[in-house]
Structure formats: C-alpha cells, structure tokens
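Dear colleague,

Please find below the structure that I am handing over to you, followed by my notes on what was found in it.

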Amino acid sequence: MHDTSTGTTALPSRRTLLAATAGITAALAVQGTGTAHAASHNDQKLRALISRMTLEEKVGQLFVMRVYGHSATAPTQADIDANLKEIGVRTAAELVAKYRVGGIIYFAWANNTKNPHQIADLSNGIQQAALGQPRGLPLLVATDQEHGIVCRVGKPATLFPGAMAMGAGGSPADAHTLGRISGAELRALGINQDYSPDADVNVNPANPVIGVRSFGADPDAVAGLVAAEVKGYQSSKVAATAKHFPGHGDTATDSHYGFPVITHSRELWEKLDAVPFRAAIKAGIDSIMTAHIQFPALDDSGDPATLSHPVLTGILRGELGYDGVVVTDSLGMDGVRTKYGDDRVPVLALKAGVDQLLNPPSLDVAWNAVLSAVRAGELTEARLDESILRILRMKAKLGLLDDPYVSQADVDRVVGIGTHLAAADRVAERTTTLLANEGRLLPLSRRSHNKLLVVGADPASPSGTTGPPTGVLAAALTELGFQATALSTGTAPSAATIDKAVAAAQDADAVVVGTYNVTAGSSQKTLVQRLVATGRPVIAVAIRNPYDIAHLPTVPAYLAAYSWTDVELRAAARVIAGQVRPHGRLPVPVQRADDPAQVLYPIGYGLSY
C-alpha cells in the first residue's frame, strides 16, 4: 500500500478487475489506429455491456467532469468545500459513485496535477472508485496537454514547444515525436485522452483564443503536423483529439467569454478549415472536439456548432465520414450558453450528434436534463446507446477495459527521463525563427558582448512550473558563457520601470528584451524604442505571437520563440549564442502594423547563419 496521505489504497487484483469489467479480456482491445469500428464480435460484447446498464448509468457515461483534489478519496478541506459547492460531492470517488460519469478532466487549478506520482495515484484512485460500482466501467481521464501556452501537466514531465513553434519547425517527424513522448508520459500518469492537437488554421492575427495554439495559417502544413501528432499520441495508447471543429482559426472573439461568428463561405471552409480535420480523420483520430462558434455558411440557424445537427451529423459524420467520438468543448464557456439555458445545452448537443458532454457548469442540472429528455421521449435510449458504443470502443481500443491502472515504477521509468528531455530540446532548436539580423549582430560574441541585460514580460507559467521568462533566458545565457542579469519589466511597463531598464542598459554590452503581444499603444513598444536609443545592441525575442516585429521596426535583431515556456526560451538562448543556427520558418504571415493588407514577412520566411 502507498502512503494513505495521497489517498491511495491497495489496488484490486487482476482477477477482481476482470470480474468488475464483466469478464472482458484483452480480446476486446481494438487493434489498429483507425477510428472505425472494432471488429463486430467486439461490438457485440460492448453492446452486451450497454444492455446491462441502467438508464442512469448510460446518462453518466456521456459526461466528462472536472473535480477538485490531488486525491480521489482524501483531498484537502479546501478542495472538499469546492467540490461540495460546485458538484454536490466531496471527492472524485463520490462523483463517480453518484453520477457514474464516463470521464474526468484534469486541471492544474483544480489541484489534479501537482506531481507525477500524485497524478498516477489520483488516476488509480478514480479507476478504483469506478470499478467498485455495480457494472463498473473504467474512466477516460482527459486533459489539455497541448504544450506551449496550454499545458496542465508541468515539470518534471517533458514539455515540448507549442503548436505554432512546431509549425515553424515544419517537421512532421518532430510532431510525431512530440505525440509519442508526451503520450507515453501521459499514459504513465493514467491520462488516456488528450485534448490535442489544435487543428485550427490561424488566419486571423487578432485571434485572442487560438493564436500560437495553432500550427499556422497554411492548411496543408497544419494538416501534415496534425496527422503526425495524432499518430504519435495514439502510438502511445492515448486518444488524441482534433479541435475545434469546424474551425476556430478566424475569429476575433474568445468563445470562453463571447459567441464568435465565422464568416467564411462554404467554399473557403472546404479549402481552409476542413483540411486539417480531414487529415486527422484519415490518420485515425480517436476523438474530435466541437467549437462554440456560429458558422452561418454551414448552419444559418444561429446555433453554435456544438449544438448543430447540420455541422456535426450532416458534415462531420456524413460528408467527412467520421464515426469516432465527438466531445464538446467545455459546456461552461459563454459561447455555448448564450442562446440556451444550461438544462437545454446537453440535450441539444446530443441531438446534434455529440457523444461526450464536457465539464457542464452544473453537472446535476445537465445530468438530470438528459435523464428527463429520455424519459419524456425527446431523446431515445437508442440514441444514448450509439454514443456509449463509440465511447466504449475508444476505451476498448485504449486497453482500459483490460487494465486501466498505472504503476509508480512506470512513472519513474517514463516521465521526464533524460532522453525525453533531450528530444524536446532538439525539437525546440528547430523551431526558433530569426526575422531580423542587421549588421549580423547575431550570433552574439561572448568576447565583445559578454555582459547582457535581459528585460521583458514575465507572464504566468502555463503549467505553473516554468519561468519566469527573463530569469530563464538570463540563466540559459549565463550557462552559455555570458554574464546575464534579469530585470522583469512586465507586459505594460510603467515610465519608472522603463527608466530603470534604460539605466541598467548603460552597464550592459547588449540587451535582450522579451516582448509579449505588442500593440500600437503598448508601453512595451516605448521600452524597446528607449533601449534602442541607448546605442546598445538590442535583441528582441517575441515570447508569444510572432507579429510583434511589425510594431518594432527599429530593433536590429528579432527572434520568434512562439511561447514563454522554458524549452522554447532555452532554444532561443542557444540561437542567440550561436550554439545552434536558427532553423524556424514563419508558419503565419506578419502584416504591416500601419497597413495590414501589406505582408511584411510571408509564410516561410526565416533567416539563418
């Protein structure tokens, strides 16, 4: 037995497990990478399982829910209080017992992902709670591990560059490596469904919610990387999830807080947004996530795609031929709650063709709404059975119906090991993009520019385990033989902060400045202009969107790192020092700040030395 403070108990024997899963054995496991169906005899066994389920159990199987706590049975009092307030249960184990949910989603803010051994214990505790129920079935344990700026599991697990950085690298082999290694580590933690990769084609520089989460603006390039990452994840027995169908790449509204409208024509959708989803389906994707967006060319009803029968059943299932699992984006987001109440949303989603209902604001309201809809005849039990069959096929394919447990030995053997960390560093080195290098300032010489000042924005770590960026850059440059000092100036530096940075620059041979989504009126722009005016060489590193350079025309050297996580910043430092040459090529165009119709740097642009 593990230390009971982690909330873990001894795991049941394999014999008990197999009995709990109605005697389904390894013969059930679906072979191959296709989403299409398990062999018919497997479907027969899965249908037999479904036939023994109560209606309440069937309703539960459709939901994937958040829950607070580091442990399935012994969370902190604060997490118990949060669970009681939001879900009406004390623990993950109680959630599983009360609602018989088919899945759990992990978040760092819910205290689910503190460290690898804790995550593995939590996963085992959740599976044990599930299999301890009458007719108990193992759960899908999901998270958003996109890497880059959306990452729920942090260090010491291996963290890779985010999607737009991978787009700059342009290597399907590297995308496959990311999926394979990240998948192996997630699987060792008991996480078996990843809401990644992002298959959106980011053609709007003002997109506030996708941006660097997308591989880029070229649909064919995005498609190749999506397919490779899907195959990588699924080779490690983790279900990949392409998102956000039918395409969230051209919006200026964040669907967490508003209801975006995509104005693409049907023809443009076919040429642009649909391409990566078609590639994901061809690659055998296990699940596809819906978008809370209006797409009038595909459905002019005004409903979000998540609730659209024409989009999900007509196009995704019918025209694209997809028969895998469809999961909603979080049902707590404003984009899906604008038009209908929380009691209607899950019912309408199922009627549209959805299988998994993710993270409703009130599980009690949503669960009872689906139950009532079946009892009233608005939804048939046969419709629920269709979705449950798809969900169980995925569980069978992942081997969960055989054995859903993970071992602490595997955590030590797989998570954050040296070969994985080294692979992430090599991949990152192929993503850093050099867009300006006047007078061949880079690579910096340790002899002529030994004393460096590193200033800039220090946004919060996506996983809570990395950064701060200025400190990481300074430490990496110091390790490479420079004397580097960090001074955090923030995303909106005050006049006093700018004065302090300019004064500090007087003692430096060169200045490295990390910029973060610079706009026309941003005081980051003033900071950079004042630093350039000191006469000291200035190297700007864009630590999020690569578009900053359009607002910083006087900077002599400019690198795009695409994210502020350690692996990308260390790679940028190695490029600055000349330890590696810049290989990245822009996966999106950078337009002029004063005339967005004019392209300053096209897709594919990137310098080297």
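Does Val345 count as buried or exposed? Val345 counts as buried, because its relative accessibility is 2%; here buried means under 20% relative accessible area, exposed over 50% and partly exposed in between, with a 1.4 Å probe and protein chains only. Please note that this is a predicted model, in which local features need pLDDT of at least 70 and side-chain atom pairs count only at pLDDT 80 or more, while totals for chains, interfaces and linings use all residues. Residues are numbered from 1 along each chain as its sequence is written, and side-chain values use heavy atoms, with hydrogens and water left out.

Val345 belongs to helix H14 (residues 345-352); helices (H or I, at least four residues) and strands (E, at least two) are DSSP runs, numbered from the N terminus. Leaving aside neighbours within four places in sequence, Val345 is in contact with Leu307, Leu331, Val336 and Tyr340, where contact means heavy atoms within 4.5 Å. Lys271 lies 74 residues from Val345 in sequence and 30 Å from it in space, C-alpha to C-alpha.

Two further buried positions may be of interest. Ile288, in strand E8 (residues 287-290), is buried because its relative accessibility is 0%. Between Ile288 and Lys243 there are 45 residues in sequence and 5.9 Å in space, C-alpha to C-alpha. With neighbours within four places in sequence left aside, the contacts of Ile288 include Phe245, Phe277, Leu316 and Val326. His420, in helix H18 (residues 418-429), is also buried, at a relative accessible area of 11%. Beyond four places in sequence, His420 is in contact with Thr158, Ile181, Glu185 and Val414.

Next, the nonpolar cores. A nonpolar core is a set of buried Ala, Val, Leu, Ile, Met, Phe, Trp, Tyr and Cys residues joined through side-chain atoms within 4.5 Å. The largest has 124 residues, of which Leu95, Val101 and Phe245 touch the most other members. Apart from it lies another core of 70 residues, including Val454, Ala474, Val541 and Ala557.

Ala474 is also one of the buried residues of helix H19 (residues 469-479), among them Val472, Leu473 and Leu477. The buried residues of H19 pack against strands E12 (451-456), E13 (483-488) and E14 (510-515) and helix H22 (566-577). Just after H19, Gly481 takes a positive phi of about 105 degrees.

Finally, two helix pairs. Helix H9 (residues 219-235) and helix H11 (residues 274-282) pack at an angle of about 25 degrees, with axes 8 Å apart; axes are lines fitted to C-alpha atoms, for helices over the stretch in contact, and angles run from 0 to 180 degrees between N-to-C directions. H9 is therefore roughly parallel to H11, a term for angles under 35 degrees. The residues of this contact divide into nine nonpolar, no polar and one charged, counting Ala, Val, Leu, Ile, Met, Phe, Trp, Tyr, Cys and Pro as nonpolar, Asp, Glu, Lys and Arg as charged, and the others, Gly among them, as polar.

Helix H20 (residues 495-505) and helix H21 (residues 523-533) also pack at about 25 degrees, with axes 10 Å apart, and are therefore roughly parallel to each other. The contact of H20 with H21 comprises six nonpolar, two polar and two charged residues.

With kind regards

Definitions and conventions
Parallel < 35°, antiparallel > 145°, perpendicular 65-115°, else oblique.
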